[in-house]
There are 2 protein chains.
Amino acid sequence: MRNLTRRDALKFSGAAAALLPATLTAQQPKARQQHTPIPQWEIFELTLQGPATGNPFMEVDLSADFRLGYRSVHVPGFYDGEGNYKVRFMPDTVGEWTYTTASNNASLTGKTGSFTVTKPFPNAHGPIVVHNAQHFSYADGTPYFPFGTTSYAWIHQSEALQQQTLATLMSAPFNKIRMCIFPKHYEYNHNEPPFYPFPRNGTTNDYTRFDPHFFAHLEQRILDLQKLNIEADLILFHPYDRWGYQSMSPETDAFYLRYVVARLGAYRNVWWSMANEWDFMKQKTLADFDRLFHVLEAADAHHHLRSIHHGTIMYDYGHPWITHASLQTDEFDKAPQWLAAYKKPVIFDECKYEGNLNRRWGNISAAEMTRRFWLGVINGCYVTHGETYLPETEEAFNEDTTPTLWWSHGGTLHGESSAAIAQLRKLVEESAPIPNARMGFFAQDKPYYLNATVYGGADGKQAQTILYFMDEHQPIWYEFPLPEGTFTAELIDPLTTTATPVPGTHTGKTKIRMKVKSRQALRFRRV
Amino acid sequence: MRNLTRRDALKFSGAAAALLPATLTAQQPKARQQHTPIPQWEIFELTLQGPATGNPFMEVDLSADFRLGYRSVHVPGFYDGEGNYKVRFMPDTVGEWTYTTASNNASLTGKTGSFTVTKPFPNAHGPIVVHNAQHFSYADGTPYFPFGTTSYAWIHQSEALQQQTLATLMSAPFNKIRMCIFPKHYEYNHNEPPFYPFPRNGTTNDYTRFDPHFFAHLEQRILDLQKLNIEADLILFHPYDRWGYQSMSPETDAFYLRYVVARLGAYRNVWWSMANEWDFMKQKTLADFDRLFHVLEAADAHHHLRSIHHGTIMYDYGHPWITHASLQTDEFDKAPQWLAAYKKPVIFDECKYEGNLNRRWGNISAAEMTRRFWLGVINGCYVTHGETYLPETEEAFNEDTTPTLWWSHGGTLHGESSAAIAQLRKLVEESAPIPNARMGFFAQDKPYYLNATVYGGADGKQAQTILYFMDEHQPIWYEFPLPEGTFTAELIDPLTTTATPVPGTHTGKTKIRMKVKSRQALRFRRV
């Protein structure tokens, strides 16, 4: 809620002062409030009562500085309607925290309080951070390997469908979901959403205020995902729009961005994706997105992951405000180049969707989606799933159908790749620790021409697990080079999700008889 | 046999003159010999008796000028051993041809004769030429679509194995074979050949003369292939060598090249491939190959197709002495770029081999080889097959086997891609006429994002046949844009080689219900 020039102009004006209740206009010493303890990485929410008239969204500025020892964290607050003002803070450290509020409104400024932050809940490991340069972990160091899916507009569907989506996610293998904050207008996406972020009158948005119901609903969905250990990769802007959100003014873009971050930044499972297909947003330039990243960076006291997804023109993921690359491509053979260029984690966030649409982006097979997950992982990167299956009915052929497609609406999964992704996720999670960034592709050098990802060890010598993927290659045997030590081996069939132990143990350059078929994988594990 | 400085030095020397029989030293008018008629595109072979002592390979120069009306074709001859000198000529035009020989040896010079060239045999259509800029035909205009295979060293195996190779080729779908003139030393290639091109004494080659038996054997194999309508894509140099042929002197390289061209150039089914993996021949530079192309171009009176195959560094196929690109790559998505750059036919002459070797280049599946053939054709290019299957025995695993691998030794085919290639060849041959060069990929433009090759018509409007390949895409339906007119459609399954007619006829933008599976193809044919 800083740097908003329109509000700055109002800050010390008589109009603003007139809004304040008379009893609070004089500054007085106040009692320091003691709150109930909260566990680390949960949300401390400070609620204050303030003016409910005028336009508090634009006129009232509120923030709090949270302190622990020498640390001070400046957290912007927000207006939640009906005279309620809130500051949300996710403490990242156990201890006795205090806070002091600041506001241009006397009823909200100078409030102080304290609270104890206790050990986290057993299943809470904090937000996701970059770990070992090109991988991820939770804030407490617990390995996190992104196996994402995509459901752009699932929160903009009926409540029944949203509940079905959550039920599907409960047993699906995904721990990240790419989803839009704004509703979506696109092929197969024509419904009106239940909520709008800005009050809407007919076809007009009131860009001077927000609808707290929209955000309360979104927050509930983020919490629902959090309970399922799923990261909400929130897409802040996108070009699939008939309501006007893609062509707001730069000031409104920043106004929106700060409000979103103030409300959602304390949810530990939030990631920021500045845009989907940024280069398809013809109303914005590259410089606009650079600027919005600066707004985001300054507003986000919790320092969530930040990236942006492209259509055909790749953003420069080398920028310091970008934490990881979020690619739209299926050029997995370029993964080593991108890793070398960005020195950051690389997620193939869109590599087309498993499905049967008459669109190139929405009709690859389960086998191909499975292959792409393996190619990403084996190259030291990560991959995101999506699914677009029309039911095989006459309606689908006749195109007068309004299908429920997982990719956008949620619902249920129909494809076969998710079972294969579940197996790969299990293999990778059993392979922890997190790979050292330099060891993403052990086997690029001759004579080890098959790609492999190595888990554990500083330089590969102490590798705990090595995963190989043979792709289209079907050697009758292959000599796999192993680091010093003794390993067991399993032949993996990613498509049938079977794993067959290779008898005995393996050392040095081990020769393994393979099946003569494509898409085989191997896992070596240190004994 | 020109420009050979060592021989030039001997040309007018007393030593050379001393070799000539006394009765022929004086120049006399000779009778013009009348030969029996030969059909167009068969070989007119003029045999003359001359000196058999000394080193006629280096010392005696022979050529003939063949004339028809105003045309004169200068054809170098060669020494075939035992005092026999030959000039081979493949007439490309019906009519009364005459010839006059020239030599530095009086017994061979000034010979004249004439012969009638009659209509070609019914199955003879002449050598292959470039047609419509980026495609091929026989010289008489009959469409020729290359569907090649690879058997580098098949002529250097036992006679029994060579006969087995020919028997296999008789029922295989291939109309071109990539084969080395020199024997091959490489993994799985350790045998001594039955013949050597130069007389060999222990480990020493006599680079001053040739062994005519080597060439007579090679010629027989070229004729065997010709009877099967298979083009011999002859590899003139290669780096797989333990005999010394990869490191001959520049003079010997040229001496060899001129001899090969003089002997083999009259065989209509010959193509010249200057080298296999030229950039792996560390004894030669790029300039060496440029120079050798000039030697080849000057020596080849019959103007056969000329190209060169690379390892990792692509030759500049834009050079005027190159007739087509002979690529080693599986980057089929770059085909449009290469076609645009070279404006010549593009053959993916090595895109890895179907097989089960423990080598990346020799272990792709039949499905993947089939896919690559379709990707090449659908992009307006051509593809070459190869096969490397070890028998699935303990010996194969133990590596002390000397297998017979089609890719190098010939023998029999074990893979499944050849049946799929046979289907594709049939589809393409039924699609004649030859595509117009500009119409190789009708469907690159939006919204036609699936590739298609269009056959017939100057600009696609009069297309007779359109072939689509869906690769990994599996739409439940797809709208195929058609040119004006009425078409029938068939759904093709390249892997099972089945073709299922789509009921009815199709016009305009036709919507076809597909199977939800990858690797489907479609053929539209004008009614």
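Trainee: What is the order of the open sheet of eight strands in chain B?

Mentor: This is a predicted model, in which local features need pLDDT of at least 70, side-chain atom pairs count only at pLDDT 80 or more, and totals for chains, interfaces and linings use all residues; side-chain values use heavy atoms, with hydrogens and water left out. Residues are numbered from 1 along each chain as its sequence is written, while chains are lettered from A and ligands numbered from 1 in the order in which they are written. Strands (E, at least two residues) and helices (H or I, at least four) are DSSP runs numbered from the N terminus, and two strands pair if DSSP finds at least two bridges between them. Pairing in this sheet of chain B is parallel, and the order is β18-β17-β16-β13-β12-β22-β20-β19.

Trainee: Which strands of chain B stand at the edges there?

Mentor: An edge strand here has a single partner strand, so one of its sides is left without a neighbour in the sheet. In chain B that applies to β18 (306-307) and β19 (325-328).

Trainee: About what area do chain B and chain A bury between them?

Mentor: Contact (heavy atoms within 4.5 Å) links 37 residues of chain B with 37 residues of chain A. Buried area is the accessible area (1.4 Å probe) that the two parts lose on being put together, summed over both. Carbon and sulfur atoms carry 52% of it, and the total is about 3200 Å².

Trainee: How far apart are the closest N and O atoms of the salt bridge between B:E472 and A:R372?

Mentor: A salt bridge is a side-chain nitrogen of Lys or Arg within 4 Å of a carboxyl oxygen of Asp or Glu. The rule finds two across the interface of chain B and chain A. For B:E472 with A:R372, the closest N and O atoms are apart by 2.9 Å.

Trainee: Which element gives the most to the side of chain B that touches chain A?

Mentor: Elements of chain B that each supply at least two residues to that side are α9 (366-378), α10 (394-398), β26 (477-481) and β29 (509-513). The element that gives the most, with four residues, is α10(B).
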